[in-house]
2 protein chains.
Amino acid sequence: MTAIATTQDPFIKSLLMFIRAHDQSGAWESMPDEEVLAPYILSKEQRREIPLFGDPDPDILWRVEQYFNAIAMAIETQSGHAVSPIMKIHHEGWGRVILTAGKLVAVNTYMRELHRFGFDSAEEMSAKAGKIIAEGVATIARFPEVAAA
Amino acid sequence: MTAIATTQDPFIKSLLMFIRAHDQSGAWESMPDEEVLAPYILSKEQRREIPLFGDPDPDILWRVEQYFNAIAMAIETQSGHAVSPIMKIHHEGWGRVILTAGKLVAVNTYMRELHRFGFDSAEEMSAKAGKIIAEGVATIARFPEVAAA
């Protein structure tokens, strides 16, 4: 991950904005982007070491929410339709995320083993988010009258 | 509320089924329907007396979930499309419920002041649920290709 890539990627920029919007101490404001994003970046080995029993750290579930908020914002920007997320994430580490535009379900995702939520790099995170964003934008393009309903 | 009305109403029957599906002691099996439904029935005066500060009893939030499960089931039966609920209810007593059919948002409801969730009678409860069910069925009839997507 390079500072240049982080600054230029619109998804990463949105994610940083959502994370920093929850800053309660002012510490994240001056913190470099890489440090703010660091909890999202875990190597495959690091992920594998995290046990799957018990409840995942609530901070992880919060990070998942910010990740999908940034995805919702990207779909909204690209499609021109207001996108609203609803996430029901169980404290044991699984859940469902729906992003709606009007009466349309633009994205519907189930998640599990959130204990290990993380990405190899910021680039990988952005690429995976990009696939969900493209799916959401394509669904809206397919049913524009429902997204406007 | 009469026993006859309770037995004949398909919504009330579904609701009783969902409630009894969570019976962990076997006590609700032999309990009369009226008693099982009793926590849903509150007079306007009783509701007004419930304070709105603090968290509502978690049992209330559970009752709201069963209420919308029964609504989802009715929409599914009437429309012939599988309906899936996602409910995000905050412990402070407000929340959002979405019932989806395929890629369609059949019902989208916001709720607040759930501390006072209740109905004057089983008839009123069924009538209010009936409006939500009719709205969901009508939305599916309007966009059948999205409900099947």
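Student: How much area do chain A and chain B bury between them?

Tutor: The model is predicted. In general, the size of an interface is often given as the accessible area lost when the parts come together. Here 59% of the buried area lies on carbon and sulfur atoms. The area that chain A and chain B bury between them is about 1600 Å².

Student: Which residues of chain A lose the most area to chain B?

Tutor: On each side, 19 residues of chain A contact 19 residues of chain B. Three residues together account for 36% of what the chain A side buries. They are A:I86, A:K88 and A:K103.

Student: Which residue forms a salt bridge with A:K88?

Tutor: The rule finds two salt bridges across the interface of chain A and chain B. In the one at A:K88, the closest N and O atoms are 2.9 Å apart. The partner is B:E65.

Student: Which element gives the most to the side of chain A that touches chain B?

Tutor: β1 (84–90), β2 (94–101), β3 (104–111), α7 (122–142) and α8 (144–147) of chain A each supply at least two residues of that side. The residues there divide into nine nonpolar, four polar and six charged. With five residues, the element that gives the most is β1(A).

Student: What relation holds between chain A and chain B?

Tutor: A rotation of 180 degrees with 0.0 Å of shift along its axis superposes chain A on chain B, with an RMSD of 0.0 Å. Therefore the relation is that of a two-fold axis.

Student: Which C-alpha of chain A is nearest the axis?

Tutor: The same surface serves both copies, as 100% of the contact residues of chain A recur in chain B. The C-alpha of chain A nearest the axis lies 2.5 Å from it and belongs to A:L104.

How values were computed. Residues are numbered from 1 along each chain as its sequence is written. Chains are lettered from A and ligands numbered from 1 in the order in which they are written. This is a predicted model: local features need pLDDT of at least 70, side-chain atom pairs count only at pLDDT 80 or more; totals for chains, interfaces and linings use all residues. Side-chain values use heavy atoms; hydrogens and water are left out. Contact means heavy atoms within 4.5 Å. Buried area is the accessible area (1.4 Å probe) that two parts lose on being put together, summed over both. A salt bridge is a side-chain nitrogen of Lys or Arg within 4 Å of a carboxyl oxygen of Asp or Glu. Helices (H or I, at least four residues) and strands (E, at least two) are DSSP runs, numbered from the N terminus. Ala, Val, Leu, Ile, Met, Phe, Trp, Tyr, Cys and Pro count as nonpolar, Asp, Glu, Lys and Arg as charged, and the others, Gly among them, as polar. Copies are superposed by least squares on the C-alpha atoms of residues with pLDDT of at least 70 in both.
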